[in-house]
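Hello,

Here is the structure I promised to pass on. Please have it open while you read the notes below.

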Amino acid sequence: MKRPLAALLALGTLSLAAPDARPLSDFLLEASDGQRVHLVAEDAARRCTVLWIAALDCAATRTLAPTMGELARAQAPRGVRFLAIDPAAADDALELQAFAHSAKLDFPLLRDPLQAVCERLGVTTTATALLLDREFVELARFDLASAQPLADAIAAVLVAQPIASSAASDDDGTSAGVALTKLRPAAPAAPTFFRDVAPILWTRCVECHHPGDIGPMSFLDGAETRGWAPQIAEVVADGRMPPWHADPRYGHFTNERSLTDTEKRTLHDWNASGAALGDASDAPPAPRFDSAEWSIGTPDVVVELPAPQPIPAEGVVPYRYVPVDPHFTEDRLVQAIEVRPGNREVTHHIGVFLLPPGLNQRVLNPNLLFAGSAPGGRPIELADGMAKRVARGTRFLFQLHYTPNGKATTDRTRMALRFARAPVTREVANWTIANPKVELEPFAADTRFTRTEPFREPILVTALMPHMHWRGHAFRIELARVDGTRRILLDVPRYDFGWQHTYELRDPLRLEPGDELVLNAAYDNSAANPRNPDPSQRVHVGEQTSDEMMVAYVDYVKLK
């Protein structure tokens with residue numbers, strides 16, 4: 001057992017963090033309740049973090065659990081965040097939930113059945129606890145037979161006092177916990193496609209990787225997927241896939257595409273072990289696409305350009321604006337929208353705007369943006385009770401951006417709509433915030449702009465979408481409250497023009513009159529930017545991708 005803190009102090013102390021200490025890299029694991037939890041997840045009040053390695057077959061875990069629950073509750077108001085990590089493959093989610101309930105554990109119990117995170121942490125036994133500072137630098141490590149040494153160390157950190165070096169095990173060389181090697185299956189089976197890989201790909205990837213969608217291969221078929229196993233392992237390991245660019249330190253989003261460390265390890269091990277298919281009966285039900293064409297299922301209405309649009313073989317094509325009348329004789333509440341280019345090879349992006357009766361189509365109102373299609377974008381599928389209203393007599397104005405590819409061709413874009421079935425209590429609209437004064441000097445590597453947008457009536461923000469072009473490097477959206485407080489809502493430190501995400505807020509955010517959204521954007525017009533079409537050019541705001549933009553699209557509900 002660890003000696004009391006006073007005795008440890010007598011043996012020598014260390015500073016709160018060693019000068020060369022580095023923060024732990026982020027991890028993502030699934031909790032027993034299904035929540036996916038990042039180590040670095042946003043917590044404005046966090047002052048330090050405790051990682052407790054616990055398992056149901058560990059006597060120390062069961063003995064300490066009620067005390068750890070009490071300690072976590074007592075320290076939570078002081079900014080101490082607790083996470084438990086269970087490395088036992090045999091502990092299922094329901095057992096962990098029952099255990100947490102009986103021990104009154106209010107913090108997440110994260111499952112690490114392949115011990116991917118524990119391996120990164122250098123942990124070899126349960127009953128280990130790591131104490132991290134606000135920046136996730138490890139301050140101390142304990143072999144817990146009692147919670148007291150951890151409690152003493154937390155108390156020291158909270159008053160900025162040094163804590164003792166506590167990396168050694170008990171004085172007699174034994175551990176209070178169970179060796180992690182004993183918690184692994186005796187003969188772990190190699191992953192198979194149907195049992196282990198399909199549940200991951202069919203949940204996280206098949207929305208794009210199925211016949212007729214933008215993914216270049218389908219993951220519905222095991223034999224076809226098997227041939228891509230090396231590439232899947234590679235792009236997952238280096239973070240290229242699934243595409244997601246929000247910094248996990250800020251904001252929580254319902255449509256996050258990131259894989260957990262366990263899922264990544266499974267895909268790696270599947271490829272490394274030969275990518276076996278296994279028994280098809282082990283697979284979960286395969287995803288069904290009600291319509292072979294539309295991801296949102298069978299639509300109620302399909303709106304189509306009245307005639308094919310001709311695209312020349314080369315040159316710059318100015319934006320085209322094509323009005324389409326859906327002939328709605330009554331208001332429609334739309335819950336799902338999917339815009340599909342007729343020719344993806346030459347269609348860069350599409351914006352669809354509402355044209356209410358009497359509005360001149362030559363005067364484009366950016367706040368009447370209804371839907372769109374952009375690289376990496378997804379169809380709009382609102383939750384039950386939410387919808388976008390299309391008033392009777394409204395037309396749709398298609399804004400079409402074409403990029404010739406050396407061959408004359410045509411495009412006939414379509415849009416599918418699915419109406420709300422359940423009663424609608426919240427109507428979603430769009431607010432567009434743009435900075436028209438972006439200007440980049442030739443070869444400028446780091447140019448930054450800010451745009452502040454005040455709100456004059458209460459609204460509920462549901463989603464955010466930043467938009468720049470090839471020279472866009474980073475985009476951050478902050479909330480400045482009327483009371484002077486400030487917080488980051490979304491940070492995209494490596495903006496990728498090829499993947500334009502709409503970030504859907506897990507918890508819609510209420511803005512009061514006087515609150516402001518602050519946009520911060522950075523651009524790289526240097527030759528070091530591999531996507532820069534011409535660093536020698538002075539760049540201004542414009543519609544073409546060789547120009548630039550600084551725009552944030554805000555989905556919101558107006559509050560009465």
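Which share of the contacts in the protein chain with a separation of 6 or more comes from residues 24 or more positions apart? Such residues account for 80% of those contacts. Contact here means heavy atoms within 4.5 Å.

Some ground rules. This is a predicted model, in which local features need pLDDT of at least 70 and side-chain atom pairs count only at pLDDT 80 or more, while totals for chains, interfaces and linings use all residues. Residues are numbered from 1 along each chain as its sequence is written, and side-chain values use heavy atoms, with hydrogens and water left out.

**Overall build**

The protein chain has 9 helices and 28 strands. These are DSSP runs, numbered from the N terminus: helices are H or I with at least four residues, strands are E with at least two. The radius of gyration is 27 Å, close to the 24 Å from the globule rule for 560 residues, so the chain is as compact as a globular protein of that length. That radius is taken over C-alpha atoms, and the rule is 2.2 Å times the number of residues to the power 0.38. The C-alpha atoms fill a box of roughly 80 × 60 × 50 Å along the principal axes.

Of the 560 residues, 48% count as buried. Buried means under 20% relative accessible area, exposed means over 50%, and partly exposed lies in between (1.4 Å probe, protein chains only). The chain exposes about 26,000 Å², and carbon and sulfur atoms supply 52% of that. The areas come from the Shrake-Rupley method with a 1.4 Å probe; for residues, only the protein chains shown count as cover.

On charge, there are 58 positive and 71 negative side chains. The centres of the two sets lie 4 Å apart. Lys and Arg count as positive, Asp and Glu as negative; His and the chain ends are not counted. Each charge is placed at NZ of Lys, CZ of Arg, CG of Asp or CD of Glu.

**Charged residues to look at**

Start with D515. It sits in the loop between β25 (503-511) and β26 (516-523). D515 is buried, at 1% relative accessible area. Its side chain makes a polar contact with the side chain of R481 at 2.7 Å. The D515 side chain also reaches the backbone nitrogen of E512 at 2.7 Å. A polar contact is a pair of N or O atoms within 3.5 Å; within protein, one must be able to donate a hydrogen and the other to accept it, and residues adjacent in sequence count only if both atoms are side-chain atoms. Leaving out residues up to four places away in sequence, D515 touches E453, P454, F455, L479, A480, R481 and V482.

Next is E478, in strand β23 (residues 472-480). E478 counts as buried at 11% relative accessibility. The E478 side chain makes a polar contact with the side chain of N520 (2.9 Å). Beyond four places in sequence, the residues that E478 touches include R486, R487, E516 and L517.

Then R451, in strand β21 (residues 447-454). Is R451 buried or partly exposed? It is partly exposed, with a relative accessible area of 24%. A polar atom of the R451 side chain lies 2.7 Å from the backbone oxygen of A434. Among the residues R451 touches, beyond four places in sequence, are I433, L517 and M550.

Most residues other than glycine have a negative phi, and most peptide bonds are trans. A few spots here deserve a look.

- The peptide bond from M241 to P242 is cis, with omega near -10°. P242 lies in the loop between α8 (229-237) and α9 (261-272).
- A127 has a positive phi, near 65°. A127 lies in the loop between α4 (116-121) and β6 (128-133), and counts as buried at 1% relative accessibility.
- A275 also has a positive phi, about 55°. A275 lies in the loop between α9 and β8 (301-304), and is buried at 4% relative accessible area.

**Helix α8**

Which residues of α8 are buried? They are A229, I232, A233, V235 and V236. Their cover includes α6 (193-204), α7 (222-226) and α9. Just after α8, G239 takes a positive phi of about 85°.

Best wishes
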